[in-house]
Amino acid sequence: MKGRGTDLAPGNRFETTEVIKDMDYYEQFPDELDKRIETTFIREHSKNVLSQNDSPDLGFGYSINPYKGCEHGCIYCYARPTHEYWGFNQGVDFETKIMYKPDAATLLEKTFRKESWQPQVVIVSGNTDCYQPGERKFQITRRLLEVFLKFRNPLGMITKNSLIERDLDLLEELAKLELVSVTISITTLDRNLTAIMEPRTSRPERRLKTVETLAKRGIRVGVNIAPIVPGINDKQIPEIMKAAAEAGAKSVGKVILRLPYKNKDLFVDWVIKNFPDRKDKILNRIKSLMSGKLYNSEFHERFRGSGQWAETINQIFYLNVKKYKLNQERSPLRTDLFIRNPDQMDLF
């Protein structure tokens, strides 16, 4: 389907029954083949907004995801399987049935007021993108930024959408206090590849412009090359890093493709449809990184892979880190400015 990462609706791994529409169904209802699936937004009544992380290969303890599911439709998204927890599928449902948390800012404020909360960096968008298209309407992420600024609690943000520029006023204030770091995810510089791989995201040149805008406004900004897909975008690593440095990024990271659960089926289908001439090369190269499988779930290995090709990617990456003078500034965000009761401060 145009504008979607996949048109597949694989069965939910937690369900015992799966409904499959065969060709007899479509012969009876031919209009279904051309049916456009609109995005549905579902309000979530949350009791807690922070997710605690205990993974040894992630560098943060807490994250916030204002949305479950993501309209960006990135075919490779490792968050797709989480949609099955809510009774949906990780294919087209993940892109078209979006759960949103309108009370997120209120819940975050309640958390910051608790004596048990210890000020620390919270990642906004640890799973799905906080600036996906629905944010234009709901503005949940903007209200979260207001809370972070009010309590002076540091945060890191990850996005691939230039919509973040809407909130430059708040980000500037946070940056002046050394409370925010932004990461812009750039998978490729090829806008045609972006159109089929990440259909509803900002195009690469627009993301680089966002990096430049943030840097000029004094906001700490870096780029993440994620994911690196062997045979598709791995050769672009040097040019992405060069473009990022020229735009003003001070740091760069990378993550190897992750295909948990039925993500493998979705991705293989996508490769066959879009790269039929080199599908075997792409899939075999992925397996060479993942101990002979399409996905290795072991901690640390799942992010960087292993073997000769993983080492080659590392060498290319670190050579260009040095060449473009990236990752030289590693000062932590401040936690000493935290205010547990900011309303009392307003009295004086």
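Me: How many aromatic pairs does a search of the whole structure find?
Reply: Rings of Phe, Tyr and Trp (its six-membered ring) count as a pair if their centres lie within 6.5 Å, and the planes are called stacked when under 30 degrees apart, edge-to-face when over 60 and tilted for the rest. In this structure the search finds 13 aromatic pairs. This is a predicted model, in which local features need pLDDT of at least 70 and side-chain atom pairs count only at pLDDT 80 or more, whereas totals for chains, interfaces and linings use all residues. Residues are numbered from 1 along each chain as its sequence is written, and side-chain values use heavy atoms, with hydrogens and water left out.

Me: Why is the pair of Tyr62 and Trp117 edge-to-face?
Reply: The ring centres of Tyr62 and Trp117 are 5.3 Å apart and the planes stand at 65 degrees, so this pair is edge-to-face. Helices (H or I, at least four residues) and strands (E, at least two) are DSSP runs, numbered from the N terminus. On that basis the pair links distant parts of the chain, with Tyr62 in strand β3 (residues 62-64) and Trp117, 55 residues apart from it, in the loop between α3 (104-113) and β6 (122-124). Trp117 also forms a tilted pair with Phe112, at 5.5 Å centre to centre and 45 degrees between the planes.

Me: Which residues form one aromatic cluster with Tyr62 and Trp117, and are Tyr62 and Trp117 buried or exposed?
Reply: The cluster is formed by Tyr62, Phe112, Trp117, Phe148, Phe151 and Phe338. A residue is buried under 20% relative accessible area, exposed over 50% and partly exposed in between (1.4 Å probe, protein chains only). Both Tyr62 and Trp117 are buried, and Phe112 is buried as well.

Me: Which residues have the most contacts inside the largest nonpolar core?
Reply: A nonpolar core is a set of buried Ala, Val, Leu, Ile, Met, Phe, Trp, Tyr and Cys residues joined through side-chain atoms within 4.5 Å. Here the largest one has 64 residues, and Leu108, Phe148 and Met157 have the most contacts inside it. Helix α5 (residues 140-151) gives the most to this core, with seven residues. With contact taken as heavy atoms within 4.5 Å, and with neighbours within four places in sequence left aside, the residues that Phe148 touches include Ile64, Leu108, Phe112, Val122 and Leu174. A second, separate core has 23 residues, among them Cys70, Ile282, Leu283 and Leu294.

Me: Which ring does the charged end of Lys254 sit over?
Reply: A charge sits over a ring if NZ of Lys or CZ of Arg is within 6 Å of the ring centre and within 35 degrees of the ring normal. The charged end of Lys254 sits over the ring of Phe317, 5.4 Å from its centre, and Arg285 lies over the face of Trp309, at 4.1 Å from the ring centre.

Me: Where in the backbone is the peptide bond cis, and what is the phi of Arg152?
Reply: The bond from Ala226 to Pro227 is cis, with omega near -5 degrees, and Pro227 is found in strand β9 (residues 220-228). Phi of Arg152 is near 60 degrees, a positive value in a residue other than glycine; Arg152 lies in the loop between α5 and β7 (155-159) and, at 26% relative accessibility, counts as partly exposed. Glu178 likewise has a positive phi of about 60 degrees although it is not a glycine, and its place is the loop between α6 (168-176) and β8 (180-185).
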